[in-house]
Amino acid sequence: MFLSRFYTFLMSIIHFVFKVSCSSSEFSLDGDYLLGGLFPIHEVEQKISMFSPEAVECKRHIVSKSGYQMFQVMRFAVEEINNSSTLLPNVSLGYEIFDHCSDTKNFPSVFSLVSQNGTIKPQEKLNSHHPKVIALTGPYGSTRTITISPLVTMDLIPWVQYGATSYALSDKLHYPSFIRTVPSNRDSIKMMIRIIQWFGWNWVAFLGGPDNYSEDGLQLFNSYIRNTGICMAYQEILRQSANYSLILKKIDKLNINVIVVFALPIYAENIVRSAIANNIRDKVWIASETWSMNHQLSREPGIGQIGTVIGITDRFMSLPGFHEFIYKTKKMNVYKNNDIESEIQTRTCNQKCDNCSFLTMEETINEDPTLSFAIYAAMYSIAHALHKVLQCDVRQCSKNTTVKPYMLLREIKKLDFLLSGRQVKYDVNGDPAISYAVVLWHTETNHSWLEIVGTYDTNPEMIFTINNSLIPWSNNTSVPFSNCSVECKEGFSRERVGYHDCCFLCKKCPQNSYVNYSRDPFTCFPCGESEWSDERSMACKTRSVVYLQVTEIGSIGVISSTACLITLLMFTLFIFAHNYNTPVVRSAGGSMCFLMLASLIISCLGMFFFFEQPTHVTCHLRNFLYVFFYTVSLSCLTVRAFQIVCVFKMAAEFPNVHRLWVKYNGQWLFVASFSAFYLIVCVIWITVLPTKPSRDFVTFKDQILLVCERGHAVPLIIVVFISWFLGFLCIYFSYMARDLPKNYNEAKSITFSIVFFIVVWILYFTAYVFVKGKYILLLNALTQILSIYGIFISYFIPKSYIMLFQPKKNTAAYFQTSIQNYTQTISRS
């Protein structure tokens with residue numbers, strides 16, 4: 001109770017102390033429902049210290065043309081709404097408008113708007129309190145708005161703002177009744193960043209003023225340029241007493257050619273005029289919406305030399321009938337000034353403008369129209385919401401409905417209507433749909449003008465575009481360069497120099513790495529195991545998986561040759577079996593021939609495991625079958641070569657040895673023991689240190705070869721050494737038997753098969769050094785099959801030919817004759 005009486009007393013004192021003589025002819029209008037308006041009709045040019053409690057008297061300061069125009073737009077909009085027969089039929093809107101020219105000394109007007117019958121009772125519930133106005137618009141500027149916000153939001157009075165863009169005001173917890181018809185600073189900053197990115201700049205300066213508007217913009221700019229590649233090379237708070245020349249010299253010294261000026265007009269004008277005075281040339285100035293449409297500054301002498309001025313502004317629209325309204329207002333004011341009754345004045349603070357009568361109609365109409373639609377939309381938003389609350393139809397509204405501010409606020413948040421072709425609606429934060437224009441200052445002639453060169457809309461979808469051909473850059477050059485470093489060529493990563501990300505050297509990305517500028521331009525990322533890339537790559541390519549397929553021509557050739565060889569070997573085996581007791585078969589080794597033929601057939605089977613994707617089984621069988629069984633065949637050949645020498649030479653020179661060899665069946669004993677030993681070696685080779693399927697990523701940069709690893713080199717060398725050692729023994733014994741009887745002398749056939757075996761494998765190992773890829777497997781299979789063909793052709797074909805086509809040589813008599821001739825030759829020698 002005491003607190004309530006104290007506030008009532010305080011309001012009475014304030015009303016008494018601060019009341020001044022002001023004309024209210026244009027500032028007040030009676031109506032069924034009152035709207036409040038706060039406009040900067042005057043501007044305080046210099047702030048002075050106060051030593052006593054007093055409100056600012058705005059009429060003592062400079063008239064603001066733009067503020068006066070805003071003031072008239074509200075009056076025009078209310079009059080147009082009252083003249084509408086469908087929006088609010090049988091209901092009239094009135095207003096109380098105050099001149100709001102100071103950040104902190106205009107509280108009497110705000111108290112007047114939120115009071116009920118001249119008093120404020122803070123403890124009173126919302127349902128019981130009825131402020132003078134049902135809704136409020138203004139003041140201009142974020143700082144002034146935030147200063148008075150506790151008084152307005154306390155009663156949830158709908159606050160439809162036309163000129164406060166601070167993003168902090170979107171916080172509904174702190175500003176629950178705040179709605180705005182202009183985009184927030186967040187949208188302005190995003191728009192500026194889009195312009196900077198559009199032209200490829202990344203080295204910029206940011207200049208702001210000492211107020212909430214600029215401070216909010218600076219924070220948002222710093223936040224939103226992260227991960228965009230844009231660096232803020234310089235930032236400065238512009239104060240009235242700042243050294244503008246020094247600021248500009250610093251910017252010039254840092255080679256910054258793009259300057260964002262996110263400040264109120266007074267600070268923007270100071271920096272631009274200082275740039276002209278300091279002969280700053282060929283910069284790009286990005287103007288915020290507060291001064292982008294400043295016609296007076298665009299006509300400043302020498303403005304053309306400072307460079308190109310690009311501004312952003314809310315998409316301004318002409319208001320049909322506004323010119324006529326201004327003309328009518330001016331005419332009525334002249335009439336009232338000549339009327340004696342105009343001497344009657346009401347005693348209300350900051351509702352008078354003595355100097356406004358000196359403003360011509362042209363000055364008012366031609367002033368910056370940026371905020372005209374925002375004020376117009378604010379009035380229509382309130383009217384449409386009131387239409388809903390009063391349940392109006394096309395003929396009348398229900399005046400019996402009690403209108404509370406919070407009821408109006410609820411309806412404003414739901415609005416979605418067209419106004420002069422533009423969508424008016426608000427999101428959950430009370431912010432409108434974005435409709436920006438990019439304007440270019442044409443200052444090259446005496447008659448400066450502003451041109452729209454780009455647009456940015458978010459409704460119904462986000463569209464941003466700039467017509468580059470409409471922008472004549474200073475000195476008619478290409479787009480100005482404003483980057484700390486020249487952009488790296490494709491495939492080069494950046495190496496940071498200094499503090500800023502925009503300053504860097506370029507480093508070439510090596511093979512099998514790539515640079516992704518959107519991910520991290522400072523790193524050459526390695527390609528994955530299944531990917532590859534050349535030097536200076538921007539992305540990795542997928543490696544193709546390669547293996548020897550059975551459908552390839554080379555594979556078909558090897559498989560066909562193998563099948564043919566197996567058929568021939570089996571046919572030979574049948575011939576030898578059919579002629580088993582004949583001299584040719586016995587001289588060739590008898591039953592050992594069947595072991596050789598069977599071993600060669602099994603060796604051939606290994607060829608079929610070289611094709612398709614390798615597995616553990618195929619990796620083992622493709623080499624094991626050939627190596628083991630072919631070596632068994634070589635052991636038979638070795639024994640056969642030794643046995644011939646033994647029969648014809650060692651029998652005479654070493655009869656006891658020959659007797660033991662025959663008695664204990666030495667040839668089979670050697671083959672069996674050697675085969676067992678060799679089998680153990682091969683088993684160790686394929687089990688302890690086995691070959692296994694693997695993926696070869698090294699041989700080809702763009703391929704993954706599916707191969708079988710060779711395993712450990714030592715077992716492989718031992719296995720190969722044994723085979724080759726047998727081969728050399730064969731050659732040695734064949735050489736010793738070179739002068740034996742022709743029918744028994746197989747030195748030539750054995751020597752040819754072994755030499756052929758050695759030659760093809762030497763050729764293979766030579767090719768292995770030069771040939772890479774899947775076709776080395778084909779050569780491996782071909783080498784194996786050729787070595788088998790060598791034994792078959794040189795050793796078995798001649799004997800098969802005799803048995804099939806020269807049977808007369810396959811007789812005991814023929815062989816006995818050869819032995820006798822050999823004996824006689826030895827005797828004579």
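## Second largest pocket

The lining of the second largest pocket is made up of 22 nonpolar residues, 10 polar and six charged. The structure is a predicted model, and in it this pocket has a volume of about 1000 Å³. Of the 38 lining residues, R710, L716, Y764, Y768 and N780 are the closest to the centre of the pocket.

Several elements give two or more residues each to this lining: the helices α17 (616-653), α19 (666-687), α20 (713-736), α21 (747-770) and α22 (775-805), together with the strands β26 and β27. Which of the elements gives the most to the lining? Helix α20 does, with seven residues.

## Three-stranded sheet

Strands β26 and β27, which contribute to the pocket lining, also belong to an open sheet of three strands. The order is β25-β27-β26, and the pairing is mixed. Because β25 (544-546) and β26 (693-696) each have a single partner strand, they stand at the edges, and one side of each is left without a neighbour in the sheet. From one strand to the next, the twist averages 25 degrees.

Strand β27 covers residues 703-708 and runs antiparallel to β26, to which four bridges join it. Within this pair, R695 stands opposite L706 of β27.

## Eight-stranded sheet

A further open sheet has eight strands in the order β10-β9-β11-β12-β13-β16-β17-β18, again with mixed pairing. Which strands stand at its edges? They are β10 (231-237) and β18 (463-466); each has a single partner strand, so one side of each lacks a neighbour in the sheet. The twist here averages 25 degrees from one strand to the next.

Strand β9 (residues 203-208) pairs with β11 in the parallel sense, over five bridges. In this pairing A205 stands opposite I259 in β11. Strands of a sheet pair through backbone hydrogen bonds, in either a parallel or an antiparallel sense.

## Helices across the eight-stranded sheet

Helix α5 (residues 185-198) lies across β9, β11, β12 (283-287), β13 (307-314), β16 (435-442), β17 (449-457) and β18. It runs at about 45 degrees to β18.

Helix α7 (residues 244-253) lies across β9, β10, β11 and β12. Its direction is at about 175 degrees to that of the edge strand β10.

## Backbone geometry in two loops

The peptide bond that joins G138 and P139 is cis, with omega about 5 degrees. P139 belongs to the loop between β6 (135-137) and α4 (142-153).

N279 lies in the loop between α8 (265-277) and β12, and β12 is one of the strands of the eight-stranded sheet.

## Confidence

The mean pLDDT of the protein is 84, and 87% of its residues reach 70 or more. Confidence is highest in strand β11 (residues 258-262), at a mean of 96, and lowest in helix α1 (residues 2-18), at 39. Strand β11 is the partner of β9 described above.

Two stretches fall below 50. Over residues 1-24 the pLDDT stays under 50, and the model has 37 contacts for them beyond four places in sequence. Residues 335-347 also have a pLDDT below 50, with 10 contacts in the model beyond near neighbours in sequence. Where pLDDT is low, the predicted coordinates should not be read in detail.

Conventions. Residues are numbered from 1 along each chain as its sequence is written. This is a predicted model: local features need pLDDT of at least 70, side-chain atom pairs count only at pLDDT 80 or more; totals for chains, interfaces and linings use all residues. Side-chain values use heavy atoms; hydrogens and water are left out. Two strands pair if DSSP finds at least two bridges between them. Axes are lines fitted to C-alpha atoms, for helices over the stretch in contact, and angles run from 0 to 180 degrees between N-to-C directions. On a 1 Å grid over the protein atoms alone, a cavity is a set of points where a 1.4 Å probe fits but cannot get out, and a pocket is an open set with protein on both sides within 12 Å along at least five of seven lines; lining residues have an atom within 4 Å of a point. Grid points are joined across faces, edges and corners, and a volume is the space filled by probe spheres set on the points. Ala, Val, Leu, Ile, Met, Phe, Trp, Tyr, Cys and Pro count as nonpolar, Asp, Glu, Lys and Arg as charged, and the others, Gly among them, as polar. pLDDT is the predictor's confidence in each residue, from 0 to 100. Contact means heavy atoms within 4.5 Å.
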